[in-house]
Every structure is written in structure tokens, then in C-alpha cells.
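This report describes parts of one protein model, starting with a sheet and moving on to helix packing.

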Amino acid sequence: MKKMFGYMKRYWFIALLAPITMIAEVFIDLQLPKLMSSIVDEGVLKGNLGLVINTGIWMIVLSIIGGLSGILAAAFGSIASQNFGNDVRCAAYKKVMSLSPEQTDKFTTGSLVTRITNDIQQVQMFMNFLLRMFVRSPMFFAGGIIMMLGLNLSFATVVAISLPLMLIGVVLIVMRTNPMFKVVQEKLDKVNSVVMENVTGARVVKAYVREEHETKRFGKANNDLCDTNLKVHMILALMNPIIMIIMNASVIAIIYIGGFQVQARAMDVGDVMAAVTYVTQILHSVMMITMMFQMISRASASAGRISEVLDTEPVIKGGTKVLEGEITDIEFKDVSFKYPGTSGNNILADVDFKLHKGETAAILGSTGSGKTTLVALIARYYDVCSGEILINGVNVKEYTLDSLRKKIGYVLQKSELFSGTVEENIKWGDENATLEQVKECARIAQADDFIMGFNDDYNTVIGEKGASLSGGQKQRISIARSIMKKPEVLIFDDSTSALDLGTESRLHAALRENLSDTTVIMIAQRIASVRNCDKIFVLDGGRIVGSGTHDQLLADNEVYIDIYNSQLSKE
């Protein structure tokens, strides 16, 4: 929680106004029972109508002032807590964006969504509650005791007995529920994960007719959340009855003791009424304090989960050098790699090759041979385990991440598009691009024809993740987006797999014509896609087992020949 309070410093003045205005409301509320006592004893019982009217008017004025103070306290508390929540949410999201893939995989997407939404909401609600009730409840507690004992010291016995009983019950309940709140949030993580998997993979679920299975899986996760929540709330449900029993017993005791005092003419009837009000305020304040402890428990669990994200340092950190000028060469020197946390052999082993500016290289190999892993190392989505990757003769670890990645265009194996228009998606490569520049990139990517076939052409709204587009259309828009970036290195991670050979051939021809100075690295499964490349690297078991042109490899590389022969009958 200490880390969370740091985000409130910016709003300290607004946050301070909330308890100040709350003090005014509580002070006025503590005066009202005493004024009511005066109306009963000095006005009603003595027939003094003028005092009743005057005191009543004064009570109304005080109530209005107290009400306005309460409204202001709520407003100031909401302003401070909402801004606090906004800052924490932005900080958490920014941190998530800075993490490497291995770290986001560790947290899981569903858990990160829960932490950025529900967990921050819990802490935000606690801050709002704290700014007002942290002052209101203790003031009512202390002020109520002082005012009640000022009426008659005999009432001290009631307070001395009721308060310890109430506190013991509350402490036992809070101790029981405190560890359960973290479990509740973890169960919520699971529900969010199942929902996200099934929403994003809805077509697969339908294709395999697994709706019933996934509904049951969601039902299990949801039932677990429901059962855990139910256990917590069943325990918390004991709190109100315990407090109400003690409160009502205390009221009865006050009336009983006050009755004897009135009979002995040691105090007036109005004072007994005021004492009943004060004891109710005291015990209500205790109830609010217990709620605060309950919220502290839940907020602490959520704050811990948020802090786990905020305290996580990115595994991949940039260097201090800015990659300036053109990328003239890319070199892999004895590169080996395996994914963090995995055992067994390396995914890549002793990889060596060098590319020069403007060359088009292809990486070919069987599934699982390490092709995607290899190109992911260039932009430092992961770091090599041994060896080094050099750009312009400098280790990529020495460059800042921004300057490195700005020069690299990366078209992923799975096309990721965002909600918005076609134009907006392509402009991810350059937000300041003109519509004509957008169209030019689309023409190079062989996307202009089908885009112009839409009713609103480049203003056509794409559904989430491009659900309204075919695989080939999504790939071509992704390629246009990457071209818009004007990269010096353009990586295609099997990102033309959904294109027919004719379209793919026209794409490569357009790339050679318009991006002749760009170094292109292609991952492909089809030899027909790579046969015209300047260099072809054959990967097998994480090692480069051959390199050269199509004709050179076809002459003496067994792995390449096997791939060629397996596809020859299909071409």
C-alpha cells in the first residue's frame, strides 16, 4: 500500500480538503443530539414553544451546513481517488507495454487485465473511503464517547463492555477473510483468461463444435469464483448481526441506566435520548472502522498484485547508443538461444551469417526449426544466450530499443489488426502519413484493389483483430502497415502464407521495385516464395545447414533438396 500512496501525492491538496470538510460535518452531527436534548427538557417538558422553534431552526441550519460539508467531502474524495486510479492505471499499463514477451506470458493476459481493471478499482475505492471515513469514524467514536460521558459517567460501563466485545468479533472475522481476498482475485484472473481465449478463438471453438465444452470450462471457473466469493461474504455476513446485537444491547443498557438516573432526578429525559443517539453513533463508527479494515484487507491484496506489475523490471533493456544512419549490415556470430525457463537443447545453436544492405534473404526449414525465434532476436524481443548479433558492427544490446526497432519493420506470422478504419491501421507505420501515402503502401502490398472494393474503401471500419477480413486481406494490410514505417530492415515471418502464388509474386516484384535499398528477411514454407532471393539459409534443428542461392542449394544441400522434392509435386 505504501507504493500506492505515492500516487496520491499529486493530489494532496484536494485529498486534504476531503477530511477537512468531513470534520465540519461530524462536528455538527455531534451537536445535534445535545440540541435535541435541550428541545425535550427545556422546551417540550416545560412548554417553552419559543425555545422549541428557535432551537429547531438552528438545528435545520446546522443540518444544511453539515449536509453541504458532507457533499463537498464526497466530491473532493472522488476527485482525488479517481485521479489516483487514473494515474495508477496508466502507470501499470505503461509498465506492461515495456515488458518482454516472456514476462507478459508469465503473468498471463487474463491476470494483467484483472490487475489493471478490478485490482486498481479496489484500491481506488479504498482511497475514496479512506479520505472520508478515516476522519469521520474516529471522530464520531471519540466525540461520541466524550459527549455521552459528559451527560453521565455511568454510561462508561456500557462503552467499556460493548466495545471490546465488538472489536474481538470484528478482528476474528477480518483475520479469517484477509487471505481469502487474494484467492478471489486469482479466481477472477481465471475467469477473464477463459473469456479472452474463447472470444478471440471463437471461430476455432465453432469449427470444432466445442461450445458446450468451453461453456462447461467457463462454468467451472465461474463457479470457483462464485464459491470463493460466497465463502468470504458468508463470513462477512456475521459482522452486521454481531454489531447490531451489541448495539441494541447497548441501547437497552443506556435506557435501563438512564431510567434509574431520571427516576433519581440525576439527569433529564432529553439527556437519556441524547445518550442513546451517541451510543448509536459510537457503535456505528466502530462498524465503519471495521468496514475500513475489511477494505484494507481487500485493497492490500489488490495493491500487492498491482505492485508485482509495477515492480517488475523489463528483462530486455536498451543500451545507450542511438542507431543513427543507415543499417549497412546485420551479422549473427555464434548465436545460441533457448527460451527462458525451459530445459533441454537450445532452439538455436551456433548460428552464423551476415547480410548486407539491400539484400533479400530467406530462412527456410521445417516446423520447429527455429525460424521465427531467429528473426525475433534481431529486434530484441528476446536476447541471445550466447554469441552476439551485430548491426553495423555494434552489438544490438548497445542500442536503445526505440532507435533499433524504429528501423525494423516486422510483419508477424499472425496478423494483428486493431479496431478502427483501414487507413488508421496502415497509419500505425506513420501516424502523420497522408492518404495518398497510405494508398501507395497498400498498392505495394497488393491491398489497394480489395480495399477499394469496400463500401467505404479506406474508411471501412475493421472489426476487432480484423475479424471481418480474410487471412490474406489481413496479411496484406499488415504488410502495408510495415511498409508505411519505411524500414531499413523488413522481416516477413511467414506472413505471406495466405496469399496465392500470383499475388505473392506481384508483392515481391513491387518490393524489389520500391524498396530496393531495404534489407528483406523472409521466413517461408514454400520454395516458390524464396527461389529468387539473394541468399537462402536452411535451418534444421536450430542450426544453419546450408546457405546460398536456390540453384546452389539445389545442387548440394540434402535438406533443401528434400523440401524441394516434397513440394515439387504440389507446384
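## The sheet

Six strands make up an open sheet of mixed pairing, in the order β6-β9-β10-β3-β11-β12. Strands here are DSSP runs of E with at least two residues, helices are runs of H or I with at least four, and both are numbered from the N terminus. Two strands pair if DSSP finds at least two bridges between them. At the edges are β6 (408–411) and β12 (543–548), each of which pairs on one side only. Direction ignored, neighbouring strands of the sheet are turned by 15° against each other on average.

This is a predicted model, in which local features need pLDDT of at least 70 and side-chain atom pairs count only at pLDDT 80 or more, while totals for chains, interfaces and linings use all residues. Residues are numbered from 1 along each chain as its sequence is written, and side-chain values use heavy atoms, with hydrogens and water left out.

## Strand pairings

Strand β3 (residues 360–365) runs parallel to β10 (residues 519–524), joined by five bridges; I363 has I523 of β10 as its bridge partner. Five bridges also link β3 to β11 (residues 535–540), again in the parallel sense, and G365 is partnered by L539 of β11.

The pairing of β11 with β12 is antiparallel and has five bridges. There, F537 is bridged to S547 of β12. Two residues lie between the strands of this hairpin, where G541 has a positive phi near 60°.

## A helix across the sheet

Helix α16 (residues 471–484) lies across β6 and β9 (489–493), at about 175° to β6. Axes are lines fitted to C-alpha atoms, for helices over the stretch in contact, and angles run from 0 to 180 degrees between N-to-C directions.

## Helices α5 and α6

Helix α5 (residues 109–151) packs with helix α6 (residues 156–200) at an angle of about 170°, their axes being 11 Å apart. The two are therefore roughly antiparallel, a term for angles over 145 degrees. Residues in contact (heavy atoms within 4.5 Å) include F141, I145 and M148 of α5 and L163, L188 and M196 of α6.

## Helix α9

Helix α9 (residues 239–263) has 25 residues, which at 1.5 Å a residue should span 36 Å; its end C-alpha atoms are 36 Å apart, so the two agree. The expected span is 1.5 Å times one less than the number of residues.

Among the buried residues of α9 are M239, I243, I246 and I254, where buried means under 20% relative accessible area with a 1.4 Å probe, protein chains only. The buried residues of α9 pack against α5, α6, α8 (211–236) and α10 (269–310). After α9 comes R265, with a positive phi near 60°.

Notes: Angles under 35 degrees count as roughly parallel, over 145 as roughly antiparallel, 65 to 115 as roughly perpendicular and the rest as oblique. Buried means under 20% relative accessible area, exposed over 50%, partly exposed in between (1.4 Å probe, protein chains only).
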